[in-house]
Amino acid sequence: MVQGPDLVLTDGRESSEAGKLLLVGQPNIGKSVIFSILTGRYVVVSNYPGTTVEVLSGKATELDLYVIDTPGIGSIIPRSEDEMVTLRTILSDEEKSILQVGDAKNLRRTLMLTLPLAETGFPLVLDLNMADEAEKSGYRIDTAALSAGLGIPVVLTVATEKRGKEDLLDAIRHSSRSSLQITYDPRIENAIDRIVSELPRSAASRRFLALTLLAGTSNLVDEFLKKDDRGKKRAIREIISQTQSQFGDPLSQVIMETRAAHVDRMIKKSVTRREERRLAVKSLWTLERLSTHPLWGFVVLAVILFGLYQFVGVFAAGYLVDFVQEVLFKGILLPPVVRLLSHIPEEHVRNFFIGEYGQITMGLTYALAIVFPIVTAFFLAFSLLEDSGYLPRLAVMLNRTFTVMGLNGRAVIPIVLGLGCGTMATLVTRVLETRRERIIATLLLALGIPCSAQLGVILGIFSRIGGGSIFLFMAFISLQLLIVGYLASKVLPGGPSFFLTELPPFRMPRLDNILSKTYFRTKWFIREAIPYFLLGTAFLFFADVTGLLKWLMEIFSPVVVGFFDLPRKSSQAFILGFLRRDYGAAGLFDLFDQGLMDGLQAFVGISVMTLFVPCIANVFIIFKERGYRVALLLVSFVFAYAIMAGTVLNFFLRLLNIHF
Amino acid sequence: MEYKKTPLTEEQEEALSEIWMRIENRAEVPQVGDSVSLTKMRHREGLGELTREDYLKVEGDEVKLTEAGYAEARRFIRNQRLSERLLSDVLNLEMEEAERTACRYEHMLDTDAAESICILLGHPRTCPHGKLIPAGECCVSGETSLRPLVVPLSELEAGETGTVAYIGTTDNARLAFLSSLGVMTGRPIELIQKKPSYILKVDENTVAFDDSVSREIFVRPSQRKRPPVKMKSRFRWGQGR
């Protein structure tokens, strides 16, 4: 949910008359900012690769074009599913032009992607973004020389400040097919000619396809050709392996080296560097080093977690919730509303709004008085972390731990995003390279990663329970993740994978971006969550009226009362938890607040709720992404495991006589 | 021992080594300025060029080693004899075959490679024929642990720099990703840290990866970790024998 607005995808207004403009580029260089500048649509922007995992589209307000934003790609050869999405979009069978967004201060890397994009034969514009950073680090880029060398328009922009927008629009209007033709090794050229003759017609140039096949992985052959073209596939595979046998180095290296030599020549002609300057502020750079230090890195992490706990747990869940709930709601807002609605003569109708399971007294109060302040605070803190560039560094710190669970550091980003929203995080598992990793990550997200709303409530409860309970909770949940991840990595076929990622620089977060991100996410939360809160309350209300609730509690009570030693009433929180875990957690919060549960019970309850099946939206996404068989297995496993782990936890806590 | 001149041809190297050996045959340790008779030389093809490039001086019938010529001859002789040692001792070739093979590749060895062989063999003093092997830097500093010229990144210490020699993987997607970040043959790199994960700086990019990837990136470390060697002690050789 952290990236909520991304879920609102293509808005179906695409007309075939308007041309298409594809935004392509390496991760984390501001494609999404350019996209919102061009289309006027808000998209979440962060400082780590993988913010965009789906194709977004929108109408460019000042151009007669549909702009399509694609997931960032490291190179033209896809490493993971999200990168494959981009390659497919580039190759899709329709005319289009491409706007490559690149990092101005990292021209070599940018141009390594420009060359293959130029080879696609589509009209191309190169936008060198973050020109201010390039300038600060002492680079002077001669765009005219670069433009002449590439045969396409080249512009400089600073997207976050909307600098260079007019130049960019102008360049897009004048985009042209690149006149650049790179000649590769004669043996490669020969192979290209032979592959081209086997390939069907396509919108992208066949030379580009051939080169991508030669430099790429063998599954691309299946991607580029129709299923039944067995003969041609075999012929192409044959050509590739024949060509490979003529070289000592992998073909991709041979091709990349030719491109790199070309890029170096172009850079020599168009870039001067006045002086070597370090871009970042010195303290920022020191922090960068500290954040990945084998010892200090964990200190930094601990400080961040402590800050998060203080801000979200103590401040927001404590003072803010108290204020909103007690003063604002119970003191000012609710009394007049309740007085007004108490005139409703029909008892059931009256109770539907202001009864024990009333839409206003329970649904809205939970959503707005308990969850909303906590979530807003969490979003604010999380946005700050995202924009700073800290998250990929966390991957460096936790890589080894993650290998125990059959994952690697790359999975840190989806897992940490799960602390924002499990639903979105499940989508982001696409950045992982193998199916095995995607399944494990999905499982762990469903099992033990509390989403922001739930986490906020959890922090709130633990700050009230006190006595270091939060640490015990973290240890317990981490242990469950380790155990389940370890077992899953043993059960699932496939071996360990490698960890390889780029680290974006630390950036001073921009207040306006953080505020607008928090604003959009909070808005999204209200729109997305409140209907579920109301729906859940309505369900409880009707279940109560019809006696279903009693019956359900009867069914659940052996588990809830017998295994967990929780009050019978808490089963309603677990029923709500099916809909949304934060709602369930808020239910426990309320019970604890009313003194119906003691610290130990709240601890067990929250632990079970955390491990419990994820919310409905997340379950849907799991089915969509992983297929119903895997999804069914995952969900039922998580359900059973939560009950088992909760029982064991309760047993041991009572055995060791631990009280809070 | 760095010379900005054009590299010597095989003939020229042979000519220099012949001069060296003729001096040795007189039971002398060759020195700068030693000379041999021009008419007796078997390898004469390269002599003209060697004289023009100031490796040799011809005075009447005498061919004299200049400082540069002495250093080159010494270097070449060292390579040659180390090669013979390597081939006969380590690879167990028959003497004759060892000589023949050594003849071919002694021309290809550079100083660094010769040092590695020297360390590997424990700084041998003589060749299989019993001739003295001129000492190298490594013999003086007494280095005992061999550090190959090209090592996987995992062998580098944090903070060291170097250039990428090659990427030892056949995974094209990984290769493409690495080369897009500038991790490719010939590029300078700096290893920031090794734990808890590797962090590598290339140009403006920072890349993080684990052990398995670090073993696939092969680099030439730029400063080899050796105690500094003073120029004066460098050419002492054959001492104590």
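Two strands pair if DSSP finds at least two bridges between them. Helices (H or I, at least four residues) and strands (E, at least two) are DSSP runs, numbered from the N terminus. This is a predicted model, in which local features need pLDDT of at least 70 and side-chain atom pairs count only at pLDDT 80 or more, while totals for chains, interfaces and linings use all residues. Residues are numbered from 1 along each chain as its sequence is written, and chains are lettered from A and ligands numbered from 1 in the order in which they are written.

**First stop: strands across the two chains**

Select strand E9 of chain A, residues 500–502, together with E8(B); three bridges join these antiparallel strands. Which residue of E8(B) is the bridge partner of A:Thr501? The partner is B:Ala208.

**Second stop: the contact between the chains**

Now display both chains. Residues are in contact if their C-beta atoms, placed from the backbone, lie within 7 Å. Chain A contributes 36 residues to the contact and chain B contributes 29 residues. On the side of chain B, helix H7 (172–180), strand E8 (205–209) and helix H8 (211–214) each give two or more residues. H7(B) supplies the largest share, eight residues.

Select helix H6 (residues 143–150) and helix H12 (residues 251–270) of chain A, which pack with their axes 8 Å apart at an angle of about 150°. Axes are lines fitted to C-alpha atoms, for helices over the stretch in contact, and angles run from 0 to 180 degrees between N-to-C directions. H6(A) and H12(A) are therefore roughly antiparallel (an angle over 145 degrees). Colour the residues that make this contact: A:Ala145, A:Leu146 and A:Gly149 from H6(A), and A:Met266, A:Lys269 and A:Ser270 from H12(A).

Most residues other than glycine have a negative phi, and most peptide bonds are trans. Select B:Pro196, in the loop between strand E6 (188–193) and strand E7 (198–202) of chain B. The peptide bond from B:Lys195 to B:Pro196 is cis, with omega near 0°.

Next, select A:Lys162, in the loop between strand E7 (154–156) and helix H7 (165–173) of chain A. A:Lys162 is not a glycine, yet has a positive phi of about 60°. Is A:Lys162 buried or partly exposed? With 13 other C-beta atoms within 10 Å, A:Lys162 is partly exposed; a residue is buried at 20 or more such atoms, exposed at 12 or fewer, and partly exposed in between, with C-beta atoms placed from the backbone.

Notes
Contact = placed C-beta atoms within 7 Å. Parallel < 35°, antiparallel > 145°, perpendicular 65-115°, else oblique.
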